[in-house]
Amino acid sequence: MTELLVGTRKGLFVLEGEPGAEFQVAGRAFVGEPVDYAVREPRSGRIFAAVTSPFWGPRIWFTEDAPAAGDWQSARGVALPKGGKDALKRVWVIAAGEADGLLYAGGDPGVLFESRDGGETWALNQALWEHPTRPRWRRDSGGLSVHSIAPWPGAPDRLALAISAAGVWLTDDGGATWSHGNEGIVADYLPEQARASAIDLCVHHLERAPKRPERLFLQFHGGVYRSDDAGRSWTDIAAGLPHDFGFPVVLDPADPDSAFVIPVTTEDRVTDGSVVVWETRDAGATWMPRDRGLPQQNAWLSVLRQAFAATGEGPELELYFGATSGEIFGSGDAGASWFGVATRLPAIASLRAG
Amino acid sequence: MAIVRLRGQLEKLAGASELSIEGGNVTELLQGLEREHSGLEGWILDERGVLRRHINVFVNGEPAEPDAAVEEKDKIEILPAISGG
């Protein structure tokens with residue numbers, strides 16, 4: 001049985017099913033509220049949900065129970081320092097760290113929170129919050145968001161982040177200090193003279209290959225990139241894709257040469273009438289279209305950066321993505337064929353599979 | 001002291017539907033409310049101390065701005081704004 005945690009503009013939906021057939025709605029929570037992200041933490045089994053109440057503000061909630069049971073607790077400490085000029089706007093992502101009980105959460109305005117007690121209490125990462133380059137970070141249309149958090153398997157102090165629009169950030173000392181990892185990324189939305197020193201780089205999503213942790217893949221605001229040196233420098237691998245624009249990127253954990261992206265047009269940020277997932281198995285040297293079972297006519301879908309996920313690996317890899325139209329598609333055979341998982345959900349912001 | 005009436009989520013967090021709170025204006029009263037009932041911290045005022053955008057405060061049944069004066073025995077209600085769509 002596969003479980004999908006689907007964050008929508010109108011609440012959390014828990015879907016369950018087997019690859020190949022429509023999934024059933026097994027539970028709902030936060031009915032009517034925007035759920036920006038939800039994930040089941042693999043070690044504790046806790047489900048975490050990032051909810052941005054239009055009334056009460058952004059919050060992380062967690063539950064030990066089945067989400068339908070609704071026994072959710074509000075995590076403490078997910079806030080900026082009191083009395084400052086900023087307020088937390090949204091939590092974009094929650095990720096398990098490598099140490100026991102360690103979790104990370106990324107949010108807007110460009111902030112990282114850490115929890116060392118399994119997600120009950122959180123603290124702001126001060127080094128990133130007080131980074132001297134922060135005044136040069138730029139908000140994009142989605143805000144100023146830490147949306148990608150990539151721990152290094154087996155090395156709790158090593159972490160990569162992506163911030164839109166402030167590029168890739170790396171730490172080797174558990175977040176005490178941060179350095180940029182932007183070499184090779186070309187921001188063609190900036191004047192040519194400004195590109196070399198640009199810090200306001202609009203990374204859309206970043207993922208690390210767990211079997212070869214120095215390798216990362218990145219979907220940029222115009223460009224798909226690969227790094228083989230732990231995120232310090234990047235090579236454009238978008239040649240062969242129909243569009244270099246897109247939001248999510250997903251990897252097969254078993255294959256460090258693999259990546260899946262969903263290209264959309266630069267102009268309107270939707271699929272160009274047909275929905276195609278593109279796969280590489282040679283680290284971006286070539287790309288293959290994976291469209292069997294996906295709509296090939298009259299389909300202009302918007303798939304957001306957190307709305308594409310994988311579970312399993314190798315031949316057992318399952319892939320799922322949700323669109324703002326409320327449709328979810330899945331593959332139980334590593335992208336070779338696709339089936340309809342759900343329709344008529346509210347606009348989908350995030351999807352995690354497990 | 002003014003009388004603060006809470007409903008729904010706020011009532012649950014404070015553990016009471018009615019509280020007596022000190023404060024010369026709406027903001028001071030809300031700060032006092034959060035101080036005395038830490039479970040409410042961040043729910044009504046954000047980190048800057050600003051009233052959250054979609055929260056309405058009423059004093060004796062009239063909509064009140066954050067700097068509106070609050071008198072002894074005034075009845076204060078804190079409600080989510082109308083929303084939809």
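Reply: With a term: a strand here is a DSSP run of E of at least two residues, and strands are numbered from the N terminus. Please also keep in mind that this is a predicted model.

Me: Understood. Where is A:Ala165 found, then?
Reply: A:Ala165 sits in the loop between strand 13 (155–164) and strand 14 of chain A. The peptide bond that joins A:Ser164 and A:Ala165 is cis, with an omega of about 5°.

Me: And what about the peptide bond from A:Asp108 to A:Pro109?
Reply: That bond is cis as well, and its omega is near 20°. A:Pro109 belongs to the loop between strand 9 (103–108) and strand 10 (111–115) of chain A.

Me: How many bridges join strand 14 of chain A to strand 15?
Reply: Two bridges join strand 14 (residues 167–171) to strand 15 of chain A. In strand 15, A:His180 is the bridge partner of A:Trp169.

Me: Let us change topic. What does the secondary structure of chain B come to?
Reply: Chain B has two helices and five strands. Along the sequence they follow the pattern β-α-β-α-β-β-β. The radius of gyration of chain B is 12 Å, close to the 12 Å that the globule rule gives for 85 residues, so chain B is as compact as a globular protein of that length.

Me: What are its spans, and how much of chain B is buried?
Reply: The C-alpha trace of chain B spans about 40 × 25 × 25 Å along its principal axes. Buried residues make up 27% of the 85 residues in chain B. Among contacts in chain B with a separation of 6 or more, 47% are between residues 24 or more positions apart.

Me: Is B:Lys73 buried or exposed?
Reply: B:Lys73 has 10 C-beta neighbours inside 10 Å; the cut-off for exposed is 12 or fewer, so B:Lys73 counts as exposed. B:Lys73 lies in the loop between strand 4 (62–63) and strand 5 (75–80) of chain B. Its phi is near 75°, a positive value in a residue other than glycine.

Me: What is phi of A:Ala283?
Reply: Phi of A:Ala283 is near 65°, also a positive value in a residue other than glycine. A:Ala283 is in the loop between strand 22 (277–280) and strand 23 (288–290) of chain A. It is partly exposed, with 19 other C-beta atoms within 10 Å.

Me: How many residues does the largest nonpolar core have?
Reply: That core has 109 residues, and A:Ala49, A:Ile60, A:Ala105, A:Leu218 and A:Leu351 touch the most other members. Another core, of 22 residues, lies apart from it and includes B:Val4, B:Leu40, B:Trp43 and B:Val57.

Me: Lastly, how many residues does the contact take from chain A and from chain B?
Reply: The contact takes 13 residues from chain A and 12 residues from chain B. On the chain A side, eight are nonpolar, three polar and two charged.

How values were computed. Residues numbered from 1 in each chain as written. Chains lettered and ligands numbered in written order. Predicted model: local features only at pLDDT ≥ 70, side-chain atom pairs only at ≥ 80, totals over all residues. Helix = DSSP H or I, 4+ residues; strand = E, 2+ residues; numbered from the N terminus. Rg over C-alpha atoms; globule rule 2.2 N^0.38 Å. Buried ≥ 20, exposed ≤ 12 C-beta atoms within 10 Å, placed from the backbone. Contact = placed C-beta atoms within 7 Å. Nonpolar A, V, L, I, M, F, W, Y, C, P; charged D, E, K, R; others polar. Pairing = 2+ DSSP bridges. Core = buried A, V, L, I, M, F, W, Y, C linked by C-beta atoms within 7 Å.
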